[in-house]
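Here is a short tour of one protein chain, written for someone who likes to check distances and areas against the atoms. Please keep the sequence and the viewer open as you read.

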Amino acid sequence: MRTIGEVAKDVGINIGAIRFYERKGLLEPAVRSEQNNRLYTEHDRNWLLFIKCLRETGMSVEDIKAYYDKVKEGTSTLPERIDMIQAQKLKLLQDIEEKNAQLVRLEEKLERYYRGENY
């Protein structure tokens with residue numbers, strides 16, 4: 001079992017984010033120590049890492065909640081969860097294509113500047 005501070009540091013998010021995820025139902029409420037401190041399992045840590053990954057891909061908290069609700073329903077929801085993750089993967093791939101196109105434009109601009117052009 002790990003404290004909220006240890007998990008936050010390990011996952012790379014702040015303590016407030018963990019509390020927020022608990023309030024929004026994305027994370028089961030933590031067990032409490034005798035001192036009433038939140039304690040988290042390795043499973044909780046791994047789930048928080050996945051939440052962070054999904055957020056970084058642009059998935060909304062509401063969509064992560066819907067996904068998590070499906071997870072809690074069990075394996076009968078695997079096809080729906082696969083669809084949700086596939087859709088997010090496609091969105092991420094589109095975002096990567098857009099970023100690559102932006103990178104090309106920046107490189108072209110730099111090349112013109114290196115040649116002494118002013119525009």
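In what follows, contact means heavy atoms within 4.5 Å. With that in mind, G25 touches K65, Y68 and K72, leaving out residues up to four places away in sequence. Please remember throughout that this is a predicted model.

**Overall layout**

Let us step back to the whole chain. The protein has five helices and three strands, and from the N terminus on its elements run β-α-α-β-β-α-α-α. The C-alpha atoms fill a box of roughly 70 × 35 × 20 Å, taken along the principal axes. How does the radius of gyration of the protein stand against that of a compact globule of 119 residues? The protein has 20 Å, whereas such a globule would have a value near 14 Å.

Buried residues make up 26% of the 119 residues. The accessible surface comes to about 8,300 Å², and 53% of that area belongs to carbon and sulfur atoms. Among contacts with a separation of 6 or more, 48% are accounted for by residues 24 or more positions apart.

**Two annotated spans**

UniProt, in an unreviewed entry, places the feature "domain: HTH merR-type" at residues 1-70. The end C-alpha atoms of that span lie 26 Å apart, and its content is 61% helix and 10% strand. The unreviewed entry also places a "coiled-coil region" at residues 82-116. There the end C-alpha atoms lie 51 Å apart, with 94% helix and 0% strand.

In soluble globular proteins, nonpolar side chains tend to be buried together. Here the largest nonpolar core has 21 residues, and those with the most contacts inside it are I18, Y21 and L48. The elements that give two or more residues to this core are α1 (4-11), α2 (15-24), α3 (42-56) and α4 (61-73). What does I18 contact once its neighbours within four places in sequence are left aside? The partners are I4, V7, A8, I13, L27, Y40 and L48.

W47 sits in helix α3. Is W47 buried or exposed? Its relative accessibility is 11%, so W47 counts as buried, the cut-off being under 20%. Beyond its neighbours within four places in sequence, W47 is in contact with L26, L27, I64, Y67 and Y68. The side chain of W47 also reaches the backbone oxygen of L26 at 2.5 Å.

T57 is found in the loop between α3 and α4. With a relative accessible area of 13%, T57 is buried as well. The side chain of T57 reaches the backbone oxygen of L54 at 2.6 Å. Not counting residues up to four places away in sequence, T57 touches Q88, K91, L92 and D95.

N36 belongs to the loop between β2 (31-32) and β3 (38-40).

L110 lies in helix α5, which covers residues 78-114. L110 counts as partly exposed, with a relative accessibility of 40%.

**Some C-alpha distances**

| Pair | Apart along the chain | C-alpha to C-alpha distance |
|---|---|---|
| G25 and I13 | 12 residues | 17 Å |
| W47 and K109 | 62 residues | 42 Å |
| L110 and N37 | 73 residues | 53 Å |

Note on methods. Residues numbered from 1 in each chain as written. Predicted model: local features only at pLDDT ≥ 70, side-chain atom pairs only at ≥ 80, totals over all residues. Heavy atoms only, no water. Core = buried A, V, L, I, M, F, W, Y, C linked by side-chain atoms within 4.5 Å. Buried < 20%, exposed > 50% of the residue type's maximum accessible area, 1.4 Å probe, protein only. Helix = DSSP H or I, 4+ residues; strand = E, 2+ residues; numbered from the N terminus. Polar contact = N/O pair within 3.5 Å; in protein donor to acceptor, adjacent residues only side chain to side chain. UniProt positions renumbered as here; feature names shortened; annotations may be inferred. Rg over C-alpha atoms; globule rule 2.2 N^0.38 Å. Areas by Shrake-Rupley, 256 points an atom, 1.4 Å probe, with all protein chains shown as cover.
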